[in-house]
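Welcome! Have a look at the sequence and the 3D view, and take a moment to turn the model around before reading on.

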Amino acid sequence: MRYVSTRGTAPVLEFEEAVLAGLASDGGLYVPEEWPQLSAEQLRSMRGLSYAEIAFRVIQPFVDGAIEDSDLKSIIDESYADFTHAAVAPLQQLNSNLFLLELFHGPTLAFKDFALQVLGRLFDHILAKRGERITIVGATSGDTGSAAIEACRGREAIEIFILHPKGRVSDIQRCQMTTVSEPNVHNIAIEGTFDDCQDLVKEMFNDAAFRNEQNLSAVNSINWARIMAQVVYYVSSALSLGAPDRSVAYSVPTGNFGDIFAGYVAAKIGLPVERLIIGTNTNDILARFLETGEMEARDVVATLSPAMDIQISSNFERLLFDLYERDARIVSQAMTAFRQSGSMTASSEVLENARSMFSAERLDDDGIKRQIKETYEACGVIIDPHTATGLNAAKHCGVDQSVPVVSLATAHPAKFPDAVEAAINVRPPLPLALADLLERPERLETLPNDLNKVQAYVREQASQS
Ligand SMILES: *Cc1c(COP(=O)(O)O)cnc(C)c1O
């Protein structure tokens, strides 16, 4: 399988190169040259398999022999071996046609572990084969960073730098990153927003000299392998609910559009997906886009669901590429316009296409608290504030009652104890393994929102390893 950039001028790459590259050299994102297909028969034959077995069958066509099947199997098996629930991604029924997909049983208690546990091992495997080292730089609004650090800590061939917006991640999120003691892990608190952090990372990648000198790589959801690994739980949950002989709708708390784009990919490779429902918080650029066809960035507002406090959803570019029938020139122009003016308008065909698959619902902080309370009172289930945006969107999605709706529970409620406590007066405890997290010593560097200063810091630290 070969991978092409959404902007059309970066080299076409094989799987391993696309994984190592992360962002394409023309500023675009890599996507498979074509969507592999799983037939209804193939899907039926996966029913009853373990999560890791389903993962292998879903991921293998994207890797397509670039990694030996036996090696790929081990990578996948090891990735999910330490999840604390035997089902890895269990479904919990909330009412007759509404299901919660629990994606928080990994080491950092959020869904990002599903992809990053695989990605860390993929990097290790590919780099060992080539005798290379890389420097990973990533931006996090909270959960990516800890999941990436957890996946890369102590790995020989990797130096990892994670930028987070200072004071805008929860104590637990910060401590999950800054209390990791391995010397290949570097945390940088940026005096700015998540979008500032993400821009700094993009600028480091766009600086060709720096990028080559440091052998830069990305773990943000711009890395194709992350999307690929996230397709799996759409398939596994749908199989449990009767797919491929029944279609399923998904409601997804959305920020960078990586998770829900994986749902789109699941549909593209043959899973019957009825609808993809975007849950947003007050940062509702995607909901406004579906209403008007205009993508217009506004200032980021801090909310109770910080991992979704994003105005520029990077992975949306992958969807645009597909919706514009893979015309990289149009995508390139649109993204340039968006960069320059903070706004772009989709053609009416593209908007119509997007609406045929996606709908969106926004929820403010009061709504988040109401939803947490409602779910607790109706089912005795404690959900986190991100999950609340998805559940609320699921409620309003308007799909036929005969269609099961799977609402993605993207984080464990104990990661956001203040918001949960404000809603239901119950403080969800951390799982035992993390009980002393906030008392562990922290290690981090605070830097201004200044590309030169950040690059200098990365150079200095990487040179000492
Ligand atoms: C990252 C994250 C999201 C948003 O996912 P995207 O792939 O960025 O859309 C939602 N909820 C939680 C808990 C997250 O960590």
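Predicted model: local features only at pLDDT ≥ 70, side-chain atom pairs only at ≥ 80, totals over all residues.

The largest pocket holds about 440 Å³ of space, while the second largest pocket has a volume of about 300 Å³.

**The ligand and its neighbours**

- For Gly258, a polar backbone atom is 3.2 Å from an oxygen atom of the ligand.
- How much of the ligand does the protein bury? On its own the ligand exposes 380 Å², and the protein buries 97% of that.

**The cavity that holds the ligand**

- The model has four cavities of 30 Å³ or more, and the largest cavity has a volume of about 270 Å³.
- This largest cavity is lined by 26 residues, and those nearest its centre are Phe111, Lys112, Gly255, Asn256 and Ala307.
- Which elements each supply at least two residues of the lining? They are helix 6 (143–152), helix 10 (224–240), strand 10 (248–253) and helix 11 (258–268).
- Helix 11 gives the most to this lining, with three residues.
- By class, the cavity lining divides into ten nonpolar, twelve polar and four charged residues.

**The largest pocket**

- The largest pocket, with about 440 Å³ of space, is lined by 27 residues, and Ser170, Asp171, Lys415, Phe416 and Asp418 are the closest to its centre.
- Two or more lining residues come from each of helix 7 (171–178) and helix 18 (417–424).
- Helix 18 provides the largest share of this lining, three residues.
- The lining of the largest pocket is made up of 16 nonpolar, five polar and six charged residues.

**The second largest pocket**

- Around the second largest pocket there are 20 lining residues, with Arg7, Lys202, Glu317, Met335 and Arg339 nearest its centre.
- Helix 8 (194–206), helix 13 (316–323) and helix 14 (328–341) each supply at least two residues of this lining.
- Helix 14 gives the most here, with four residues.
- Split by class, the lining of the second largest pocket has ten nonpolar, six polar and four charged residues.

**Two points in the backbone**

- The peptide bond from Ala243 to Pro244 is cis, with omega near 5 degrees.
- You can find Pro244 in the loop between helix 10 and strand 10, and both of these elements supply residues to the lining of the largest cavity.
- Val88 is not a glycine, yet it has a positive phi of about 65 degrees.
- To locate Val88, look at the loop between helix 4 (69–81) and strand 4 (91–95).

Definitions and conventions
Residues numbered from 1 in each chain as written. Heavy atoms only, no water. Polar contact = N/O pair within 3.5 Å; in protein donor to acceptor, adjacent residues only side chain to side chain. Areas by Shrake-Rupley, 256 points an atom, 1.4 Å probe, with all protein chains shown as cover. 1 Å grid on protein atoms, 1.4 Å probe; cavity = no way out; pocket = protein on both sides within 12 Å on 5 of 7 lines; lining within 4 Å. Points joined across faces, edges and corners; volume = space filled by probe spheres on them. Nonpolar A, V, L, I, M, F, W, Y, C, P; charged D, E, K, R; others polar.
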